[in-house]
Amino acid sequence: RAKSEGRGTYRFFEAKMGVEVRERRLLEHDLRHAVARGEMQLVYQPQTDVGTGEVIGFEALLRWKHPERGYVSPAVFIPIAEESDAILQIGEWVLREACREAATWPQPLAVAVNVSAVQIHSPHLVGLVHEVLLKTGLAPYRLEVEVTETALISDPNRALLTLRQLKALGLRIAMDDFGTGYSSLSNLRSFPFDKIKIDGSFVRSVDSNEQTAAIVRSVLGLGRGLGLPVLAEGVETEAELGFLVAERCHEAQGYLMGRPSPIGEFAQYTHGTIPLIADARKRA
Ligand code: C2E
Ligand code: MG
Ligand code: MG
Ligand code: MG
């Protein structure tokens with residue numbers, strides 16, 4: 001009996017794997033047409049100065065509205081797009097769209113754009129960014145490129161060259177998801193980052209978990225030592241923000257300050273002065 005159950009389980013997994021592979025192929029196929037069919041959209045999430053509470057910029061986050069499936073998470077479709085190279089076309093669209101949008105905002109507001117490993121290793125990325133900046137008229141210092149450590153490891157020398165060339169255009173580079181890679185410290189030394197983004201998994205319950213608090217404090221110390229501003233991702237509660245204020249974290253981003261939303265919902269920031277999203281200093 002056990003044997004037949006075992007076989008049944010095996011068959012079940014085999015069938016399930018078949019479904020997953022088929023699913024992936026279907027999504028991969030649909031992804032190739034998603035930009036042309038107008039199914040891609042950018043939402044924006046405010047990034048705030050912890051000390052003053054001011055909005056200093058927005059991260060552009062990609063959303064795919066599939067005609068039959070509805071919204072597909074970037075956590076699902078970005079890896080598929082990366083494997084199939086569709087990411088190059090999609091990434092180009094993201095860059096053009098985000099810079100075009102940001103060029104309409106008041107001067108100091110910046111836009112942060114996620115750039116994948118495949119893009120970093122593309123020989124066309126630097127030329128593309130240069131062209132998009134010229135065409136949109138966005139001042140280079142208002143563009144921040146977010147890269148994860150995993151985007152750098154497959155060919156570190158090539159990645160280093162690309163990051164240097166991007167910086168030569170005048171834009172800034174942020175290390176995304178800091179703490180989740182496996183050689184964070186040497187990457188900080190080897191690559192010309194302008195900002196560290198602490199992954200949300202370290203920010204969650206930083207106010208109540210002593211180990212998490214110790215890790216975040218040490219990343220803040222690292223940032224101070226290296227002269228790099230630190231942004232805390234995934235801030236959801238007043239208590240988490242309170243900790244970041246007390247520890248003099250520079251910037252924060254998360255549902256507490258604003259969920260990723262169509263840019264129209266942030267019109268008070270992008271079509272006027274830059275009001276405080278919340279008076280962070282009062283919370284300290
Ligand atoms: P990421 O760049 O680290 O973006 C942060 C993610 O955390 C976003 O998920 C955001 O919606 C979510 N988030 C923000 N605040 C909170 C919070 O307070 N609590 C929680 N639980 N989550 C929060 P999203 O939009 O689903 O994107 C997931 C990942 O997909 C991104 O991680 C990024 O790696 C990738 N991605 C998104 N857009 C693009 C894109 O245009 N190009 C590339 N290459 N990757 C992208
Ligand atoms: Mg990011
Ligand atoms: Mg992140
Ligand atoms: Mg991430």
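A: The largest pocket is lined by 38 residues, and Glu59, Leu61, Pro74, Asn114 and Asp176 lie nearest its centre; on a 1 Å grid over the protein atoms alone, a pocket is an open set of points where a 1.4 Å probe fits, with protein on both sides within 12 Å along at least five of seven lines, and lining residues have an atom within 4 Å of a point. This is a predicted model, in which local features need pLDDT of at least 70 and side-chain atom pairs count only at pLDDT 80 or more, whereas totals for chains, interfaces and linings use all residues. Residues are numbered from 1 along each chain as its sequence is written, chains are lettered from A and ligands numbered from 1 in the order in which they are written, and side-chain values use heavy atoms, with hydrogens and water left out.

The volume of the largest pocket is about 930 Å³, a volume being the space filled by probe spheres set on the grid points, which are joined across faces, edges and corners. At least two lining residues come from each of β2, α2, α3 (86–102), α4 (117–120), β5 (143–148) and β6, where helices (H or I, at least four residues) and strands (E, at least two) are DSSP runs numbered from the N terminus. By class, this lining holds 16 nonpolar, twelve polar and ten charged residues.

Ligand 1 sits in the largest pocket, in the sense that more than half of its atoms lie within 2 Å of the pocket's grid points. Around ligand 1 there are 21 residues, of which Arg63, Asn114, Asp176, Glu236 and Tyr255 come nearest; a residue counts as near if one of its heavy atoms lies within 4 Å. β2 (55–66), α2 (74–84) and β6 (172–178) each give at least two residues to this shell, and β2 has the largest share, four residues.

Polar contacts are pairs of N or O atoms within 3.5 Å. A polar side-chain atom of Arg63 lies 2.8 Å from an oxygen atom of ligand 1, and for Asn114 the corresponding distance to an oxygen atom of the ligand is 2.9 Å. An N or O atom in the side chain of Asp176 is likewise 2.9 Å from an oxygen atom of ligand 1. The protein covers 79% of the 800 Å² of accessible area that ligand 1 has on its own, by the Shrake-Rupley method with a 1.4 Å probe.

Terms used
Polar contact = N/O pair within 3.5 Å; in protein donor to acceptor, adjacent residues only side chain to side chain. Nonpolar A, V, L, I, M, F, W, Y, C, P; charged D, E, K, R; others polar.
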